There are 4 protein chains.
Amino acid sequence: MSNSPAPALRVAMIGTAFMGAMHSHAWRTAHRFFDLPLTPELAVIAGRNPESTAAAARKYGWAEASTDWREVIARDDIDLIDICTPGDTHREIALAALAAGKHVLCEKPLANSVAEAEEMTAAAEEAEARGVFSMCGFSYRRTPALTLARQLVAEGRLGTVRQVRAQYLQDWLSDENAPMTWRLDKTKSGSGSLGDIGAHIIDAAQFVTGTDIAGVSALLETFVTRRPVAGEHVGLGGSGATDGEYADVTVDDAALFTARFTDNTVGIFEATRFALGRKNAVRLEVNGTLGSLAFDFEDMNVLEFFDGTAPAHTQGFQRIIVTEPVHPYTANWWPAGHGLGYEHGFTHQVVDLVTAIGAGTAPSPSFAEALGVQRVLDAVERSSADHSTFTPVFR
Amino acid sequence: MSNSPAPALRVAMIGTAFMGAMHSHAWRTAHRFFDLPLTPELAVIAGRNPESTAAAARKYGWAEASTDWREVIARDDIDLIDICTPGDTHREIALAALAAGKHVLCEKPLANSVAEAEEMTAAAEEAEARGVFSMCGFSYRRTPALTLARQLVAEGRLGTVRQVRAQYLQDWLSDENAPMTWRLDKTKSGSGSLGDIGAHIIDAAQFVTGTDIAGVSALLETFVTRRPVAGEHVGLGGSGATDGEYADVTVDDAALFTARFTDNTVGIFEATRFALGRKNAVRLEVNGTLGSLAFDFEDMNVLEFFDGTAPAHTQGFQRIIVTEPVHPYTANWWPAGHGLGYEHGFTHQVVDLVTAIGAGTAPSPSFAEALGVQRVLDAVERSSADHSTFTPVFR
Amino acid sequence: MSNSPAPALRVAMIGTAFMGAMHSHAWRTAHRFFDLPLTPELAVIAGRNPESTAAAARKYGWAEASTDWREVIARDDIDLIDICTPGDTHREIALAALAAGKHVLCEKPLANSVAEAEEMTAAAEEAEARGVFSMCGFSYRRTPALTLARQLVAEGRLGTVRQVRAQYLQDWLSDENAPMTWRLDKTKSGSGSLGDIGAHIIDAAQFVTGTDIAGVSALLETFVTRRPVAGEHVGLGGSGATDGEYADVTVDDAALFTARFTDNTVGIFEATRFALGRKNAVRLEVNGTLGSLAFDFEDMNVLEFFDGTAPAHTQGFQRIIVTEPVHPYTANWWPAGHGLGYEHGFTHQVVDLVTAIGAGTAPSPSFAEALGVQRVLDAVERSSADHSTFTPVFR
Amino acid sequence: MSNSPAPALRVAMIGTAFMGAMHSHAWRTAHRFFDLPLTPELAVIAGRNPESTAAAARKYGWAEASTDWREVIARDDIDLIDICTPGDTHREIALAALAAGKHVLCEKPLANSVAEAEEMTAAAEEAEARGVFSMCGFSYRRTPALTLARQLVAEGRLGTVRQVRAQYLQDWLSDENAPMTWRLDKTKSGSGSLGDIGAHIIDAAQFVTGTDIAGVSALLETFVTRRPVAGEHVGLGGSGATDGEYADVTVDDAALFTARFTDNTVGIFEATRFALGRKNAVRLEVNGTLGSLAFDFEDMNVLEFFDGTAPAHTQGFQRIIVTEPVHPYTANWWPAGHGLGYEHGFTHQVVDLVTAIGAGTAPSPSFAEALGVQRVLDAVERSSADHSTFTPVFR
């Protein structure tokens, strides 16, 4: 432990729902376990409703509450804007924040369209030249097992990657009476399973393999086309409304696609919120010429690694419990085997972001990387609309 | 145990390689554990090479060896022809056998083309009218866990099926120096991973859900385009040849596709022999409105079942060890938990085939069902050749 | 979220090592996710060394640092003392705190001997009459899966419990060159694996079954009798010292015992820090006449439940992912399937302790319950010293 | 495949129940997949009841049936006696067979008492000097995963073994209305869970570690002391009787013990038929200074191996699917990943026995090895009767 406290990094967060609670936790916690060059201060939280925003400030530990995010961005005493709102507002907030010289952390997906994401990326690159940094919140990358997966590929332990299979399986919409939420309204969310959870496995696949998807052939399906408009769906952001009403679901319930990567790797992807019994199965398997990897977030502290160069009679998938001091991030937490949870990915995101800002280097994933994901989402939608025909990802 | 022995069913087998050894085991074993209406007799085995066929007869327990399958089919004292040869010979042998009034068991895939399969199906249906029966060897259906899966769907335990995800992952071709075999020669095998192992998961998906694939969007990939021509690849049928030679691989190494079923179910399929570390992972997951199923042949005695109607606080995938007396086939084998192996599917195939013949009823899967699989294989190849465009299965 | 902040509960913590960091996290976090009747304030942290205690205060978020725990206890503005020191100091600190009218949270094991634990329990019971409450930190009880396990037994879902098998397997001492720590010095730690980790599975078994161990037959073994005295062992509390020195290990490395419970249940227990490859495998299986339970902390978000009353053909251990809103504690955290980590048990401990204090009711596990565990530890040591002869637990 | 058939080994089997069916399968099958120096012939099966023995002969493929095992042993044309009867008859049959110069395969446990086992061992050793060989049927040793486990220990991959934990968990007696069988009658079976299934894990532990148990501290428990006398319990040998009657259970339902081995290894063992939901969980974990092993028969084709010498960041239990050509026995069966079942251990037992007889070498496990297991069973019973006091195994 160092003896002098690090200078402050004053943070303002826009958004008060589930992701707001999570990000608040990360901002409160990161410097308690990691040595950071700057100490995050939870300065202001901004939301629409004065009462709920004030309550959120108190609950989550923010010094002030505001109902005017523009005013917050205009303040001189704020260093970083953390955007935790639905995707339709990301562009406007991010552009304003970057213009005002604030660092930006933006939840994923970066935007609801490629055009928005391109504009944001251009602004971020311009800001970076001024020493103002941006990051998109693909937090699963910071799950230690997935960080280790990337490390093993980079070390060459898999040889040349040939195949990727990725699934993100949830079931919280399987019940056809589960209520309408903003996540099922295309004007707010951009897309359904595709952008909400498919984006995560696209990012994970590109991050772990270190290569990009070049084209896709996709099928999108909506199983339940109308849903009751009725209050909150626990923890995932419903909207209050009158009973008895129904609203149209305007997004995909399941997104399935095959893919070719720029380097001849082939992949197969599925994102669905209708896989009854699967709660948060973010699954990634990668097969190379020398080894393979397998990950499932439902057993998030484990990475399975098959070493094809081991003696033949003891080859087998190794169940690595990724909690050893030698593993990414974990030396700062508990003893080996004392597992981490979902929130640690967010805390590590803060750690890496603040460390990069302190060092004056660009954090990753950049807006440009997130734009890359957005372009894959776009290609998936175009392919689906064109009889699943193979559709290149525009670059 | 009954007191009077059942009358004989005299069997002739064409083919002496891996599948021949397996089928011989099933013919020797079925009546030792099940009460059959007819007692199989291993009458004749036919192959090309006199020495190796004679050795196979002795090793596998066949009374006679022959190098002329036409002569075998012509014999009056043979009741059933079991076809265990590569796919390019299925049509000719099956048509001859059916014409001669012999029951036929034919290994999968039924043929190397839809046209062949249609001709065989027509012949089988014509023969069935004469009391001559046919069956195609999709043996995985008779793995008790998959038979139970079908039973649970049929009982309505899954409600309406919405999604299927199926994988058949092997790795025996991952090594680019693994030798050329007939399985990699399109003229002999018809296709690669697609027909060899993809056919199994197509059949399993259609069998378990009780519905058919209506169209596909597919991607086929060949990772290793030339291989050394050099002797036997253990257990999977290589061909002897001179060292130093190379031959072109003319089939797919991996087959990936998305699918729509006739009843709005969507599916995603992958067959590959390059998934390093996966040895025989025949995986099927089915999600319905009330429940889900998951199976992996690498843990073949287990079926996982999620019951969405159970009390909320104890819901979870149930790991059913499918070895109880109440489960399909298993009462005739060992006590609970004393697992079965790969060969039991083949023995159960003989049990069901002989039972159907004895009862004068048509066994399943019929040639018509196998033709259904062949048509999906065909649609996959056409889609792959047409930029992955969604391609209907011709019916 | 409530609108008025709850009154403060001013906490002082004694101890600055691994458990201090963990408890600090829990005190900082509990009210951020749960509605508590009192809001914890991290008032003072006490340790021996002025510099490291000041650094710990800053790092962990305590307002003040002190090197005199007696002085801290004497302060009027402190409501609760949290004891995170080695076991040899628990008695003295707890007695002083209770005498001063402070609530006490004491890490496990409660003490290093039954006599100490009895004295502490007497003091706690006397204090409780004055409205001053005590709790012992068996945090694993608050892992949601184990809390659910207790709930299922209490609901009768297991019928009559017949058998318990419990293991606590770690491997951090497997390397014979791992350094000496206070945990291997009987004068500081009381015992080795037995008290450090065996205590946890004794508590878990008694908590989940709701019954007590009546007698044991035990075997204690020390595999490595001398260790280098050399600096810190990561995260588990070594002591700095000169290289080249060796010290005697004076505790057990592995503790194995069979047990009879007061109600005819039989059990089998093993605690070891030499199970190479097992990192933190806290395992509990309970078999009853109607159902069974299985838990392994290496997959801490899962409880396996076998329902012997389910239809025979679908019986199987159900893998319950204990993250649903209906499960203990989890509604306050993330969406289903977004797993919790090791620290959550400690946060829940604070939640339950503060809730009980706020309600003026006694929290659990009480010192009396912890004394019950201590008596089992004592019986284990006596049995081991007496040729493993069955030895009653004194009550 | 060899061209000349091997000379015959004429086998007679005493016993017609579950183990008779299993052994018959092994005798019919071994030479179909392995090259044996002698070809087994199923000459005679002997049982008490003429009708059921004749039916068994027909069903299992024996040429003749007999109701007089003494007469069978007296025949000149029989080479080997396979004893599949309850334990109370093993001694008499084995002594007679050895005296008559027949090789003997005797089911486990070798006998119902140490005295019997000693007499049998003396006879076997005397016979061996005459070229007449004996083997005891601890078939689990021949599960490829356990054979590989032994091989890895012998190769030094575990270093020095420190700890063993073994469980044999079944649940077929959990229902208190499950009927009385000879297995619950001490006069027939010798003991309950202890000898029936505990013997298997004792043998497995001694076989895999290559060392012997030196002493034990044990607890035996009978949960259900009276059972209905009512017909067959599927597959596990009930006895027909009148409804309404009850009989006393005179054996242990669960056997729990800790153990010291001759080389300072410590072990913990549990055998029970009351672990509801566990069907045939033969579990063995071995921890050494360099590596660990774990096996569970419910996933019988898998051995888990932890290599403590691997790079720290990829250490983890390797899930070895023991079906590769390099693994014990498996090259003679199916391709990799196409699992084996329970019966293969018995077939391998025949393979190894016939191979040894052909080579004129003593097969293993010998009667002496089985006597070693018997002596452990005896020590367990003596310890349990003596307040669980540590009790040396007489050698």
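The contact between chains A and C takes 35 residues from chain A and 35 residues from chain C. Two residues are in contact here if their C-beta atoms, placed from the backbone, lie within 7 Å. On the side of chain A that touches chain C, helix H1 (18-33) and helix H2 (50-60) of chain A each supply at least two residues. H2(A) gives the most, with five residues. By class, that side has 16 nonpolar, twelve polar and seven charged residues. Nonpolar covers Ala, Val, Leu, Ile, Met, Phe, Trp, Tyr, Cys and Pro; charged covers Asp, Glu, Lys and Arg; the others, Gly among them, are polar.

A word on the model and the labels. This is a predicted model, in which local features need pLDDT of at least 70 and side-chain atom pairs count only at pLDDT 80 or more, while totals for chains, interfaces and linings use all residues. Residues are numbered from 1 along each chain as its sequence is written, and chains are lettered from A and ligands numbered from 1 in the order in which they are written. Helices (H or I, at least four residues) and strands (E, at least two) are DSSP runs, numbered from the N terminus.

Next, the symmetry. How is chain B laid on chain A? A turn of 180° and a shift of 0.0 Å along the axis do it, with an RMSD of 0.0 Å. That is the relation of a two-fold axis. The superposition is by least squares on the C-alpha atoms of residues with pLDDT of at least 70 in both copies. Of the residues of chain B, Thr389(B) comes closest to the rotation axis, its C-alpha at 2.1 Å. The copies meet through the same surface, because 100% of the interface residues of chain B are also interface residues in chain A.

Now strand S12 of chain A, residues 266-272. Seven of its seven residues are buried, so S12(A) is largely enclosed by the rest of the structure. Buried means 20 or more other C-beta atoms within 10 Å of the residue's own, with C-beta atoms placed from the backbone. In a regular strand the side chains alternate between the two faces of the sheet. Here Val266(A), Ile268(A), Glu270(A) and Thr272(A) point one way, and Gly267(A), Phe269(A) and Ala271(A) the other.

Which strands pair with S12(A)? Strand S7 (residues 161-169) of chain A runs parallel to S12(A), joined by seven bridges, and Arg165(A) has Ile268(A) as its bridge partner. Strand S11 (residues 254-261) of chain A pairs with S12(A) in the antiparallel sense, over seven bridges, and Ala254(A) stands opposite Thr272(A). Pairing requires at least two DSSP bridges between the strands. The hairpin of S11(A) and S12(A) has four residues between the strands, and Asn264(A) takes a positive phi near 80°.

Last, chain B. In helix H2 (residues 50-60), the buried residues include Thr53(B), Ala57(B) and Tyr60(B). The buried residues of H2(B) pack against helix H1 (18-33), strand S2 (39-46) and strand S3 (64-66) of chain B, together with helix H1 (18-33) of chain D. Gly61(B) follows H2(B), with a positive phi near 95°.

S2(B) and S3(B) run parallel, joined by three bridges, and Ile45(B) stands opposite Ala65(B).

Technical notes: A residue is buried if 20 or more other C-beta atoms lie within 10 Å of its own, exposed if 12 or fewer, and partly exposed in between; C-beta atoms are placed from the backbone.
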